Every structure is written in structure tokens, then in C-alpha cells.
Amino acid sequence: MSDEVLTAKELIAKRAASELKENHVVNLGIGIPTLVAKYVQSDSIFFHTENGLLGVKELSDESEYDPFRVNAGKLPVGEMLGASYFDSATSFAMIRGSHVDVAILGTLQVDEEGLIANWAVPGKNIMGVGGAMDLLVGAKKIIVTTFHTNKSGESKLVKKCTYPITSIRKVDMIITELAVFERKNEEWHLIEVMPNATFQQVMDHTEFSFKVDESLTQFDKGLLR
Amino acid sequence: MMGKILEARKALEKIQSGQTLMVGGFGLVGAPLTLIDELTQLDVYNLTIISNNLGEAGKGLGILLRQGKIKKAIGSYFTSNREVGDAYNKGEIDIQLLPQGTFAESIRAGGAGLGGYYTRTGVDTELSKGKEIREINGVRYLFEPALTADVALIKAHKADKLGNLTYYKTGRNFNPIMATAAKYVIAEVDEIVDTGALSPEEIVTPHLFVNAIVLSKKILTKEGVVTR
């Protein structure tokens, strides 16, 4: 396993997994966030899915498959020991009532102020929102996992969101295939350059302003001159 | 006490054109597939459907959409059926999109006899336009009115003959709250057991919420939806 080369998505997911601590209740969004569970070994980190299950686990084999047990992305999942099922109102009471420690979400844009846009595209019909807005207001910590740029190569880390924002609540951390940013004192701080990425790449592909953290790791200081 | 157990068609006779229906399910999981199928056979129009999504293109509630029977849809995620957007663009249906937690809580509030409630979700977003904002202890909340319906079509796992219900895994989702929020509630179930066969501790929906029980004929299995 350790010899396998991780794809960019897996790298992001693995880095996000390292943020999770014992006894955390964690909600994973659709896409890259779903992969995070693969990199969590602890049996005292509890995954919550808003369609009504606390104690989500990866399916270990085909025999565990049950079409009535799915995550919010409608993918089949397993259940760990101590898991529980509940209705949607209870599930969102957990979210809105700040009983979920961490939400890991994908995004279309995240901006300098820390706002994200991850539910609608201007000019297209707005046909779905799901649980994104509730997670933003309720989860204690929000980690955004995303590719640094979109399919056209434009930065998703923008000066100001041009897509409709999901919430007025600011997110706490951004993890991309190039870098990790943490929000401190109302500013973005670059705290890590990801393996196989360079500081120059981070500079070239990040539209918003950020500070370079003193503790920055994997950082080629020569590029600053 | 056999009065609540009905054939699907008989139970659905309550539904009339112009009514508001709640339909349970998160995608196909926990959706009352037999009742939805029967509903597509009925001559009723101008329905307002309160359901998290509207099935998929030409599937489940998506059939009702194609039949032109839906006037308005209230839910949180219509993206899974692209025909919803097309129908909206043509002016064929009205859409009310709510955050999923707001959608669930509005149904819960409706069932609990509340007029509405205040939530932080959606404040200062596209979905808060035209909604009353109120500051409580320094935090801004928006007002959401409760949702109720004429008829709810829900899916449970087991019913006893009184109408007490249990659920199965993530098939529970919106079903128990919808059971509380409609004037007439039809529960489609996998199995009907004798009263007393369910432990009082395992009953999630007590029988007073349930008006009719219908045995499931279309079931979600590992091989997809099958008719039994």
C-alpha cells in the first residue's frame, strides 16, 4: 500500500484525514471528501451522514452491501459497531445544533474572506442545495478539500466568490493538491506546500492574498527572492 | 382492527387534484415505490409535491412530472432529475428549493403544530431572498414557515395492525416526520405483523399518525427495484 502512488484526489483526502482526532464526529461531503474515510484507521472517529446514520464505515466486502444503507451521495456504505440510525430532522439537529465537530466539503470557489460557493452556478437553474448550507452554519470546523484550479485552469481560490455563496460562515482550512491554507486572524496562511508541488505553483495558481506561515513546510525559500 | 390495511389503489382514493402530497425517501432509499407507481395510474393533476427530490428522469416521481401532474415541487435536491430544470424553464412547474435541514425541520414543525421557526441556515444567501430576518441574542436568523400536506405517502419497514411502524437503516430519512405532518398518512411497508409483535421500544412512529397501511409490491433489492 505504501508503495502505491497516490492520485491528486487521494493525496488531498489523506492530508484531510490527518486533521481528524479521536472522538471527532465528522461529516463528509460528496466527491474528494468521501475518500477521506479510506485514510482513517481509528475506530473512535465517527462518520455522520445527513441521510440518517452515525457510524458510517467503508464496505469491507460485497456481502455487507445493503441497498438500504447509503451515504449522502447515495453510495452504499457499511456501519461500524455502535452505529445508529435516525430521521432527517434529528440528523440536521445534530448538524445545525453544532454537535458535528468537522465537516469536510468540496467547493466551486473559496475566497479571501473565507466564504465558499459550492451549490450553484450563475446563469444555470438552481435545482439543488442539499445539506451544504446547514453544514456551513452548524459544523464546528469546516475543511474544504478541492483541486486548486477548475477544468479551465482558473484558480478556485479567488479574491471574491462570483458564484452564489453557501453561507456567511467562513471556512477554517483549505486542502488542495498544491497546498494547505489555514485561517488565522481573518487571513489565509499558507502552512504547507504539498508533496510534488512547488511554492511557485502555489503562487501562480492562487488568486487570493495569503500570508506565508513561519512554520511552512516543504517550502523552497529561494523562490521568495 | 383490520381497518387500516388497504390495497394501494383503495388507499390512494383519498387523493384529489390540487392537493399537496408529501412523499418520503432519499432517492429510491425509503421511497414508497408501490404507492408512487399506483399514483402514476391515477387521474389527478395540479399536485404540489413535497419530497427531497423528484425521482430520476422518467423514474419514480419523475413519471408524474412527465405526465404533467405536478404543479409545484418543494424539496432540497432536484439535480438528480434533469427534466425538473427543463419543466421549470418551460414554465410548467413551480419550484421551491430549501436547504435539506430546513426542509426536514419545516416538516417536523408542521407535524408538531408550529407555524414556523427561525434558523441561521441560508441567512444572506440566494435562498433567503424575501424572508424575514430576526436577530436573537446577536445572531441573525431567518423565518421559515412550517410545511403540512393533505396526504403523506411514506415507506416503513414493518407495521403492526394498529399502524405502529418501524424503519430499516437509512430508509428512515424523511418518513417519520412526514407521518406527523399530513391529514391522511399512507404507510407502505415490507411486512405487516400482529399487534404486539413489535416491541414498544422499537416503534418509531406510533399508530395515531397512520391512517392506512399498504403492503409493498415494488421493493428495492441488491438487484434493483423488483415487483413481488
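This is a predicted model: local features need pLDDT of at least 70, side-chain atom pairs count only at pLDDT 80 or more; totals for chains, interfaces and linings use all residues.
Local features need pLDDT of at least 70 and side-chain atom pairs count only at pLDDT 80 or more, while totals for chains, interfaces and linings use all residues. Residues are numbered from 1 along each chain as its sequence is written, chains are lettered from A and ligands numbered from 1 in the order in which they are written, and side-chain values use heavy atoms, with hydrogens and water left out.

**View 1. Helix 5 of chain B is mostly covered.** Helices (H or I, at least four residues) and strands (E, at least two) are DSSP runs, numbered from the N terminus. Here 10 of the 12 residues are buried, meaning under 20% relative accessible area (1.4 Å probe, protein chains only); among them are Phe103(B) and Ile107(B). Just past the helix, Gly113(B) takes a positive phi of about 80°.

**View 2. Thr102(B) sits in helix 5 of chain B.** Its relative accessible area is 1%, so Thr102(B) counts as buried. Leaving aside neighbours within four places in sequence, Thr102(B) is in contact (heavy atoms within 4.5 Å) with Arg96(A), Asp134(A), Tyr117(B), Thr119(B), Thr121(B) and Glu144(B).

**View 3. Three strands of chain B form an open sheet in the order 5-7-6, with antiparallel pairing.** Strands 5 (116–119) and 6 (133–136) are the edges, each pairing on one side only; two strands pair if DSSP finds at least two bridges between them. Four bridges join strand 5 to strand 7 (residues 139–145) of chain B, and Tyr118(B) stands opposite Phe143(B) in strand 7.

Terms used
Buried means under 20% relative accessible area, exposed over 50%, partly exposed in between (1.4 Å probe, protein chains only).
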